[in-house]
Amino acid sequence: MIIRACVAAMFLCVLPFVPASAQPQPAPAANWPNQREGDYILKDYRFASGETMADLKIHYTTLGTEKRNATGEITNGIVLLHGTSGDGKDWLRPTLAGELFGPGQPLDATKYFIILPDGIGRGGSSKPSDGLRGKFPHYRYADLVDSEYRLVTEHLKVKHLKLVLGSSMGGMHSWIWGYQYPDLMDGVVPIASQPIRMSGKNWVQRRIAIEAIRNDPGWNGGNYEKNPTHFAITVPYGFLQTENVLQLQEMIPSVEAGDALYQRLFEQAKKRDANDALWSIEAVMDYNPDPHLEKIKAKLFAINFEDDSTNAPSLRTLEAGIKRIKGAKYVIVPQTQETHGHFTHLRAKFWKQYLAEFMKELDAE
């Protein structure tokens with residue numbers, strides 16, 4: 001097994017829509033220690049664009065129990081950030097929670113206070129389909145990160161975090177948390193992401209999805225009465241660009257199997273609100289951590305995957321970024337017969353061993 005790792009001495013976020021059949025499925029309601037849900041309403045919220053909302057709702061789930069020091073401050077907080085088309089409960093699917101949150105596992109829910117926010121436009125948080133439709137503010141990653149930071153620090157009263165970890169879009173947000181709030185956390189773990197401006201294959205793939213929605217004859221500038229669905233025709237393309245080719249061959253051994261898969265992906269995509277999808281895809285347009293990497297003070301450990309073609313190791317962008325962050329490390333998890341390209345971020349069994357070692361380092365300090 002070949003693992004490439006580096007220490008600086010001296011990343012589906014990819015898909016605008018990840019079809020359910022491409023993902024390991026969520027568990028039914030789990031019984032994790034002290035599992036709770038809530039909402040935080042940000043009054044008169046001003047977005048980076050200058051647009052405002054009287055009441056911006058951020059929904060969240062928490063697991064575990066807060067531990068406090070002598071001054072009453074929470075010392076065991078962890079924030080986990082989800083991908084583009086998901087929400088905080090993505091972390092409760094068996095392939096993540098079942099590998100991470102159990103006793104003795106890397107993010108043991110009996111040991112840590114785990115915070116799972118739903119980003120703007122996702123899950124139970126405010127989104128265009130709630131009623132504003134085309135009038136919903138055009139949020140960006142800056143707004144997603146800022147609103148979740150305020151949830152953590154203002155509402156949950158966590159002034160310092162043990163860890164910020166995210167995968168795919170959440171991985172991209174982790175880089176931002178690292179430089180935007182450099183004294184907030186002990187550790188940062190971006191998974192399946194790159195510390196560079198949105199560009200290359202990643203951006204063109206998103207542009208195709210954006211244009212498919214904006215040019216849907218039923219879209220009407222976002223002010224439709226019936227959800228337009230022509231854009232769903234392009235969704236299977238994104239899946240093909242993101243899954244491991246070995247897995248694709250297993251799924252599609254014939255023309256008939258390919259046609260059946262296409263139809264499933266198309267039918268699933270039709271059920272998603274077009275504005276919700278469009279706003280979430282376009283949110284990435286301000287992403288560019290590259291000028292800020294030297295501001296990161298927390299221990300940083302990035303995890304990417306050898307068969308993730310959108311965040312391809314051959315781009316060498318991860319290595320270049322890591323070298324600019326004091327003490328930072330990264331690992332490229334090798335491709336196997338069982339890995340799933342970018343979707344490997346949803347299967348912690350392939351990367352939890354690296355996270356476990358990193359958590360030992362954090363806890364030892």
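These legends describe close-up views of a predicted model.

**View 1. Confidence along the protein chain.** The average pLDDT of the protein chain is 91, and 92% of the residues score at least 70. Residues 1-22 stay under 50 in pLDDT, and the model has 87 contacts for them beyond four places in sequence. A further stretch, residues 25-29, has a pLDDT below 50 and eight contacts in the model beyond near neighbours in sequence. Where pLDDT is low, the predicted coordinates should not be read in detail.

**View 2. Packing of helix H2 with helix H3.** Two packed helices are described by the angle between their axes and the distance between the axes. Helix H2 covers residues 141-155 and helix H3 covers residues 169-180. The two pack at an angle of about 70 degrees, and their axes are 10 Å apart. H2 and H3 are therefore roughly perpendicular to each other.

**View 3. Residues where H2 meets H3.** H2 contributes Tyr141, Leu144, Val145, Glu148, Tyr149 and Val152. On the H3 side are Met169, Met172, His173, Ile176 and Trp177. By class, nine residues of this contact are nonpolar, one is polar and one is charged.

**View 4. The second largest pocket.** Rolling a probe the size of a water molecule over the atoms shows where empty space is left. The volume of the second largest pocket is about 160 Å³. Its lining has 16 residues, and those nearest the centre of the pocket are Gln194, Ser199, Asn202, Thr310 and Leu315. Helix H4 (residues 200-214) supplies the largest share of the lining, three residues. Sorted by class, the lining has six nonpolar, eight polar and two charged residues.

Terms used:
Residues are numbered from 1 along each chain as its sequence is written. This is a predicted model: local features need pLDDT of at least 70, side-chain atom pairs count only at pLDDT 80 or more; totals for chains, interfaces and linings use all residues. Side-chain values use heavy atoms; hydrogens and water are left out. On a 1 Å grid over the protein atoms alone, a cavity is a set of points where a 1.4 Å probe fits but cannot get out, and a pocket is an open set with protein on both sides within 12 Å along at least five of seven lines; lining residues have an atom within 4 Å of a point. Grid points are joined across faces, edges and corners, and a volume is the space filled by probe spheres set on the points. Helices (H or I, at least four residues) and strands (E, at least two) are DSSP runs, numbered from the N terminus. Ala, Val, Leu, Ile, Met, Phe, Trp, Tyr, Cys and Pro count as nonpolar, Asp, Glu, Lys and Arg as charged, and the others, Gly among them, as polar. Axes are lines fitted to C-alpha atoms, for helices over the stretch in contact, and angles run from 0 to 180 degrees between N-to-C directions. Angles under 35 degrees count as roughly parallel, over 145 as roughly antiparallel, 65 to 115 as roughly perpendicular and the rest as oblique. Contact means heavy atoms within 4.5 Å. pLDDT is the predictor's confidence in each residue, from 0 to 100.
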